[in-house]
Amino acid sequence: MTTTEQSYLEAVRAAHDELLATHDDVFVVGEDVRKSLNNTTAGLVETHGEDRVVDAPISEPGFVGMAIGAAMAGRRPIVELQINTLPLLVVEQVLNHAQKIRFMSGGAHSVPITVTDPSMGGPGGAAGHHSDSAYPLFLNYGVKTAVPATPADAKGVFTAAVLDDDPVMVFFPVDLHSTVGPVPDGDHRVPLGEAAVRREGVDVTVCAIGSMVPVALDVATDLAGDVDVEVVDPRTVWPLDEATILESVSRTGRLVVAEDANRVCGAGAEIAAIAANRGFTDLEAPVKRVTRAGVPISQSPAEERYVKPDAETLHRAVRDVVGR
Amino acid sequence: MSQRGTLSEYDAEFLVALYERMWLIRAAGRAMADLVERGESPGSAHRYEGQEAVAVGACAALEPDDLVAGTHRGHAHAIAKGVDLGPMMAEFCGRTDGLCSGRGGEMHMFDPAHGVLETTGIVAAHLPHLAGAIWADHLDGGATVGVGFFGDGAANQGILYETMNMASIWDLPVVFLCENNQYAATTSREYSTAGDRISDRSAGFDVPGETIDGQDVVTVHETVRAAVEAARAGGGPRFVECETYRYGGHYSAEERLLEDRQYRTDDEIAGWQRRDPVRRFADRLVSAERLTRDDLDAAERRARSSVDVAVEFALASEFPPGERAVDGVYADQDYDYLPAPSYR
């Protein structure tokens, strides 16, 4: 299979293009998706037509609901949420309807929608309502949720999500948009629920989500020769590849989870609980989580930096669990 | 209020079918309340008695492939649309032979085979689903029409207006049908809802709206038929408000629950019962000499008998075992622990 060096965002756009070209039932709906304010669908309306790339009015619950209806009627909608807090606005339609309709209808209906947040985490300086990482909310109700961390995964995981017959939330961290990497050409799918070991190591497992993956790899490089860090990227936080995480912990005995999301009931909380249950006898230290502080993000830069997880805190957490 | 239609353009078969279908809903509702009393259904019953002309008149204007969606009183729309009564009753009782294999129950009935897209427990939340399903068909060049039923209470949910706006800008063939039964649980429409008529709201979205007498099945039928035809011909969405009334409470537990704090007077209820849609239609059919009392009595007997058979079917159907509860959430559940179990 051939690959192309692409940025994360270019890979997201390429995935949209490929999906629209290959699958007649796929269409994109969201605000400003024709002009592509988020750069995820630039030029696609010209290629695929106005019926496949649809601008919606500012009616998030409504157009997510309409996408749900279209999905029930056999289409495969991609719904783009323009701003990273907008998942909060559509929680009812996603958790209460998209996620429940297959079950409540006794299997009569499928709801194969994919809802994207292309600017998860916030670019810095966007303050309280434009700096969210809302993905943990969806785990509690069992919604499939992905946070791909590389350009190849941005394409591969997102493609798998769109072709999955269940609702899937896909979060594209804004901090990763300009990272570059090899992206397989053509139909590239990464199955949901499969973690990737980004770096092998023996002393500690750092389970890093999304934008914390490159941070974890940098910390691992810094510590090389002193502490040997294994970095596991779950790729999807639900379903979670606990087998890979637990296998890693069985060798290292130590686990730190790093995520750019609020602490309480984050993905890290579920991972830590699983480790404390199923990995208990392998653990030689407490499970540590490096997360956001549970506060709204300030406009002011130093305040924003203070509450977000960073390399320094992850470095300290790793040293805390290895005890040196 | 719209003008009353004449009966001469309808054949007797159509008229007796309308009457029988109204009785089917009425008898089914009574049977459902009885099943709740007897403990054969785990939930409660949200009865539709008094409103039968609305569901029946409206659904008689639809083709089999057209879609309807409703809310907690949706068993009536499902029956009016033509679902099989046995599986519907079994669904109400949470049994495996139910429309949704017992998972949805009274408030969440789905029957795509008969064009019942959805009934939901969250009022108005179903309207974008209906519009979206019609949108998908419309984009494919289809001509399916959708009728979304909702109450006066739901008429205050924002998502109705989001949906109506999108249906309007995209010319979707959706009829928004507001069943104004004057109350949302204990809260009167008068108290909660600004404006003289709920249908006045649609003009702001370029959607023609009208308010009609929901207790006259022919008026409902003709109004909805005109709305459906206009929508199907490319005229975009329509809004029809039917003034109607439910004789029973919001749900079956209400009588006991609110015994000492009633929100309606006996006089008010009696006033609406004097205009009972089923009896009025019967009287009109007889006085117009389209059908005889015998014809009508026979239709009523058929309806009651169908309900009896359906109840028997429901009670003969098994409850699913508890373990089945964690199946059928996802398209495939081939992951280690999906869904999350209650204990590990």
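This is a predicted model: local features need pLDDT of at least 70, side-chain atom pairs count only at pLDDT 80 or more; totals for chains, interfaces and linings use all residues.
Residues are numbered from 1 along each chain as its sequence is written, chains are lettered from A and ligands numbered from 1 in the order in which they are written, and side-chain values use heavy atoms, with hydrogens and water left out.

Now show both helices whole: H5 is residues 127-139 of chain B and H6 is residues 158-169 of chain B, packed at an angle of about 15 degrees with axes 9 Å apart. Helices (H or I, at least four residues) and strands (E, at least two) are DSSP runs, numbered from the N terminus. Axes are lines fitted to C-alpha atoms, for helices over the stretch in contact, and angles run from 0 to 180 degrees between N-to-C directions. H5(B) and H6(B) are therefore roughly parallel to each other. (Angles under 35 degrees count as roughly parallel, over 145 as roughly antiparallel, 65 to 115 as roughly perpendicular and the rest as oblique.) H5(B) passes H6(B) in a left-handed crossing; that is, the near helix is turned anticlockwise from the far one by less than a right angle, while clockwise would be right-handed.

**Across to chain A**

Stay on H6(B) and bring in helix H3 of chain A, residues 60-72. The two pack at an angle of about 65 degrees, with their axes 8 Å apart. That makes H3(A) roughly perpendicular to H6(B), and the crossing is right-handed.

Zoom out to the chain pair: 42 residues of chain B are in contact with 49 residues of chain A. About 3600 Å² is buried between them, and carbon and sulfur atoms give 66% of that. (Buried area is the accessible area, 1.4 Å probe, that two parts lose on being put together, summed over both.) The count between chain B and chain A is 2 salt bridges, a salt bridge being a side-chain nitrogen of Lys or Arg within 4 Å of a carboxyl oxygen of Asp or Glu. Pick B:Arg344 and A:Glu242 to see a salt bridge with its closest N and O atoms 2.6 Å apart.

**Inside chain A**

The structure holds 37 salt bridges over all chains. For one of them, select A:Arg102 and A:Asp166, whose side chains meet at 3.2 Å, N to O. This pair links distant parts of the chain, 64 residues apart: A:Arg102 is in helix H4 (residues 86-104) of chain A, and A:Asp166 is in the loop between helix H6 (151-163) and strand E7 (168-173) of chain A.

Most residues other than glycine have a negative phi, and most peptide bonds are trans. Go to A:Trp238 and A:Pro239, though, and the peptide bond is cis, with omega near -5 degrees. Back in chain B, B:Leu338 and B:Pro339 are joined by a cis peptide bond with omega about 0 degrees; B:Pro339 sits in the segment after helix H12 (293-316) of chain B. Finish at B:Gln182, with a positive phi near 80 degrees, in the loop between strand E4 (174-180) and strand E5 (183-184) of chain B.

Terms used: Contact means heavy atoms within 4.5 Å.
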